[in-house]
Amino acid sequence: MAALSERARRLMRPSLAGLEPYDPGFTPTRVILSANENDYGMPAEVHDEVMAAMSGVATNRYPDPMSNRLRDAIAGWHGVARGNVFVGDGGDECLFDLFLAFGGQGRRLVNCPPTFSVYALYASMVDTEVVDVPRDPETMALDAAATLAAAADADLVVLTSPNNPTGDLVPVDLVSKVCDACPGLVLVDEAYGEFAPAGSSAEPLLPAHDNLIVLHTFSKAYCLAGARCGYLLAAPDVVDALAAVRQPYSVSSLTQAAAEVVCRRRDAFEPAIASTVAERARVIESIDALGSSLPIRVWPSEANFVLVRVPHASQLRARLRDEYSILVRDFSDVDGLADCLRVTIGTPAENDLLLDALATLVKEES
Ligand SMILES: *Cc1c(COP(=O)(O)O)cnc(C)c1O
């Protein structure tokens, strides 16, 4: 994508003039392991139901602004009430609405990088100060004591569990302490929660903590990245505040219909989730084995991706793409992630291709 023109920058709101259009770094390849999507795809019978539901939608009518039928399905799934559910055009829209409603000048976000870059981006777009509590550069672990201390003066704290791109969980008892310490709101982003062990979710804390918000998305485990649908679970007055700032019709009726089917048929996604979890262990073990003789390192992960450190990461990524037609995500220019790549766990055949290519390329680049 072209950089912004000087004219556009002059015309833009000053606080936004440093931005560039988002570029996911996508090129079509045979194996796509760059965006943490579900590479197994929608189960065939669910796909047919999704298409049938979408074909019944009257697209001449505006959608239900609050996605109430979908909210009911989500509420039933998670054991909460409709009033605790906010649906957005992807988790990203939920995040944007959250910063729009609760951020702003004089407000402070506590962020724990390296993490999902969208938090700091949206916070700064609405002039919210970002207070970074960096992770341990070696283990990538959260600094629990510093996070708790910073939470005491925060308007918003974001904890990502499992974290993107480091793959680690936030302990539920830490979430509870942060909620107690923070006078503002605490968001736990569980976009990858389906791949984590049972008992890792912060959701059971919701009834006792009215400042806790839990984010989920249909984009990762549930094969709707292209349809765009995510949601938050929160106290009803937080949901109402988000409803007040949202773009009324951002979640299309087609998306609402598709997500309702996926909610109802969520069990059909379990085999792919279980296979991803098993493959994650195999990929980590194989990379660890490579690491005994070659300069490659992998971090543990509870998500559907792993973070690896390799020699000449940017060049190695380009060679994976150009010589093997395998796409992964380069994080090597992010603070704390020198020479790091993030690799989505794909199907067994895709993971085999990746592991073979890595073995060859790491040897050649070292
Ligand atoms: C992918 C992702 C999301 C949300 O993605 P959407 O496609 O907008 O639903 C939120 N948080 C994290 C950490 C993610 O990686």
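This section describes the overall architecture of a predicted model and then selected local features of its chain.

The secondary structure of the predicted chain consists of twelve helices and 13 strands. The radius of gyration is 21 Å, close to the 21 Å given by the globule rule for 366 residues, so the chain is as compact as a globular protein of that length. Along the principal axes, the C-alpha atoms occupy a box of roughly 55 × 50 × 50 Å. Among contacts with a separation of 6 or more, 72% link residues 24 or more positions apart.

Strand 5, spanning residues 156–160, is largely enclosed by the rest of the structure, because five of its five residues are buried. Burial applies to both faces of this strand: Leu 156, Val 158 and Thr 160 lie on one side, Val 157 and Leu 159 on the other, and all are buried. Strand 5 pairs in the parallel sense with strand 3 (residues 108–111) over two bridges, and Val 157 of strand 5 is the bridge partner of Val 110. Parallel pairing also joins strand 5 to strand 6 (residues 185–189), here over five bridges. In this second pairing, Leu 156 has Leu 185 of strand 6 as its bridge partner.

A separate open sheet contains four strands in the order 9-10-13-12, with antiparallel pairing. Strand 9 (297–298) and strand 12 (329–330) form its edges; each has a single partner strand, so one side of each is left without a neighbour in the sheet. Strand 9 runs antiparallel to strand 10 (residues 305–309), to which two bridges join it. Within this pairing, Arg 297 stands opposite Arg 309 of strand 10.

Tyr 231 belongs to strand 8 (residues 230–233). Its relative accessibility is 1%, and Tyr 231 therefore counts as buried. Beyond residues up to four places away in sequence, Tyr 231 touches Ile 74, Trp 77, His 78, Val 85, Phe 86, Val 87, Cys 94, Val 214, Leu 215, His 216 and Phe 218. The C-alpha atoms of Tyr 231 and Ala 241, ten residues apart in sequence, are separated by 14 Å in space.

Most residues other than glycine have a negative phi, and most peptide bonds are trans. The peptide bond from Pro 113 to Pro 114 is cis, with omega near -5°; Pro 114 lies in the loop between strand 3 and helix 5 (118–125). A cis peptide bond also runs from Asn 164 to Pro 165, with omega near 15°, and Pro 165 is located in the loop between strand 5 and helix 7 (172–181).

Positive phi values occur at two non-glycine positions described here. Ser 67 has a phi of about 55° and is situated in the loop between helix 2 (44–55) and helix 3 (68–78). With a relative accessible area of 0%, Ser 67 is buried. Met 140 has a phi of about 70° and occupies the loop between strand 4 (129–132) and helix 6 (144–151). Met 140 is likewise buried, at a relative accessible area of 1%.

Definitions and conventions:
Residues numbered from 1 in each chain as written. Predicted model: local features only at pLDDT ≥ 70, side-chain atom pairs only at ≥ 80, totals over all residues. Heavy atoms only, no water. Rg over C-alpha atoms; globule rule 2.2 N^0.38 Å. Contact = heavy atoms within 4.5 Å. Buried < 20%, exposed > 50% of the residue type's maximum accessible area, 1.4 Å probe, protein only. Pairing = 2+ DSSP bridges.
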